[in-house]
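Please open the model in your viewer and keep the sequence panel beside it.

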Amino acid sequence: MYLPYHCRAMSFTRRKTRQISVGSVAVGGDAPITVQSMTTTKTHEVDDSLAQVYSLHGAGADIVRITCNTVEAAEGLAEIVPRSPVPIIADIHFQYRLALAALEAGVDGLRLNPGNIRKPDQIRAVAREAKDRAIPIRVGVNAGSLDKELLAKHGGPIPEALVESALYEIGLLEDEGFDLIKISVKHSNVPLMVASYQLLSRKVDYPLHLGVTEAGPPPGGLIKSVAGISTLLLQGIGDTIRFSLTTDPVEEAKAGRQLLEYLGLRERRGVDLIACPSCGRAEVDVFKVAQDAQEAFEKEKLPIQVAVMGCVVNGPGEAREADIGIAAGRGRGHLFIKGQVVRVVPEAEMVDALLDEARKLAEEGVEARLAAADAGAGEEAAEEAALLLDLRGDINHTAERKAAVAEVVQAGE
Ligand code: SF4
């Protein structure tokens with residue numbers, strides 16, 4: 001299989017953390033950064049819940065969290081966990097007994113909210129049971145549900161308050177000899193979220209679960225999540241992530257996965273579609289072609305970058321780093337690989353031709369597909385680009401610039 005340039009992961013210096021296992025998925029240490037999401041179904045509706053777990057897995061989630069808010073939910077977990085394609089974490093609020101019930105149900109991890117399970121004896125009881133079963137616990141602090149005493153002490157949900165809450169709970173777990181811990185200190189305010197994790201990362205070496213809580217619906221929720229999570233990941237902080245979006249959770253799993261791929265932190269498994277923003281020079285409706293291409297490539301597992309460019313004058317050059325692309329000429333599309341035109345196709349066939357060639361490229365590699373280029377495609381494309389340049393003008397003023405350069409050179413002779 002051809003491994004394109006865009007598959008190569010960038011390397012960031014990652015903060016050293018301990019590694020724990022959530023079922024079969026390693027979190028922390030040198031394990032790949034993982035994507036988490038959460039179901040929105042009623043847990044006791046087992047078939048619906050499992051169907052959503054499968055959808056989340058398909059969209060990129062490595063681990064799925066499910067609420068365990070009732071006895072029926074815990075019973076549902078007992079059916080869901082053995083049939084799930086990914087490890088399942090039970091989300092626990094208020095009732096520590098439901099944490100014990102979830103452990104009985106066989107979950108791969110627990111999330112406890114220190115803000116609403118306050119009694120030390122209860123936390124210790126859960127820690128002992130989780131320790132016996134080697135099941136990890138996330139200490140999931142949330143700015144919106146901080147303990148009232150901490151809020152009063154710090155005057156609000158500031159990073160110091162969130163971190164103190166996490167450290168207090170970790171202390172209780174450690175007292176029981178429990179250290180299969182990961183931590184989150186989520187805030188809905190992006191700068192405060194970033195500051196909370198930065199502060200926490202200086203105090204502990206447990207793996208960290210990143211997220212902007214209650215981020216809201218897209219696009220605002222997406223932007224907040226990307227801003228907070230990326231800032232930390234690029235500083236080497238973070239071992240697992242969740243986008244908390246007010247939308248179908250499949251979208252948050254997809255977004256989490258894409259973010260890691262775009263940052264070079266996970267291998268690319270789907271197409272990275274780039275497209276020019278269009279301008280007055282465009283020879284085609286770029287928005288439509290890009291949309292059609294996005295739909296055509298959506299289900300393809302091709303780890304390549306694909307470009308859709310509105311004109312042949314600038315398109316192939318500007319997108320020469322893309323693995324493959326198409327640029328619009330007059331009623332035709334110029335299909336290019338690494339900036340070299342390999343075929344010229346009718347405008348109506350642009351997206352189909354792009355998909356067809358992309359599949360072959362992923363299978364055979366750049367050299368083979370350049371060798372299979374249509375005879376004369378390069379010359380034909382160059383002629384059309386030159387013609388369009390004459391017709392539409394040189395927006396980059398290349399000719400004028402060349403003349404100016406020549407003048408400077410002559411003046412110096
Ligand atoms: S590729 Fe062409 S159409 Fe697209 S933005 Fe650049 S100049 Fe405009």
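A residue is near a molecule or strand if its C-beta atom, placed from the backbone, lies within 6 Å of it. With that rule in mind, select the ligand and then the residues that surround it: Cys276, Pro277, Ser278, Cys279, Arg281, Ala282, Met309, Gly310, Cys311, Asn314, Gly315 and Glu318.

Before the next selection, two remarks on the model are required. Residues are numbered from 1 along each chain as its sequence is written. The model is predicted: local features need pLDDT of at least 70, side-chain atom pairs count only at pLDDT 80 or more, and totals for chains, interfaces and linings use all residues.

Next, display the whole protein chain. Its C-alpha atoms fill a box of roughly 85 × 55 × 30 Å, taken along the principal axes. Select residues 5-262 for domain 1 and 272-392 for domain 2; these bounds come from an automatic or database domain assignment. The centres of the two domains, taken over C-alpha atoms, are separated by 42 Å.

Switch to a cartoon view. The protein chain has 15 helices and 15 strands, which are DSSP runs numbered from the N terminus (helices: H or I, at least four residues; strands: E, at least two). Now find the open sheet of 8 strands, whose order is 8-7-6-5-4-3-10-9, with parallel pairing. Strand 8 (181-186) and strand 9 (209-210) stand at the edges, each with a single partner strand, so one side of each has no neighbour in the sheet. Two strands pair if DSSP finds at least two bridges between them. Select strand 6 (residues 109-112) and strand 7 (residues 137-142): they run parallel and are joined by 3 bridges. Within strand 7, valine 139 is the bridge partner of leucine 112.

Finally, select isoleucine 66 in strand 4 (residues 63-67). Is isoleucine 66 buried or exposed? Isoleucine 66 is buried, because 26 other C-beta atoms lie within 10 Å. The cut-offs are 20 or more other C-beta atoms within 10 Å of its own for a buried residue, 12 or fewer for an exposed one, and partly exposed in between, with C-beta atoms placed from the backbone. Buried residues make up 47% of the 413 residues in the protein chain.
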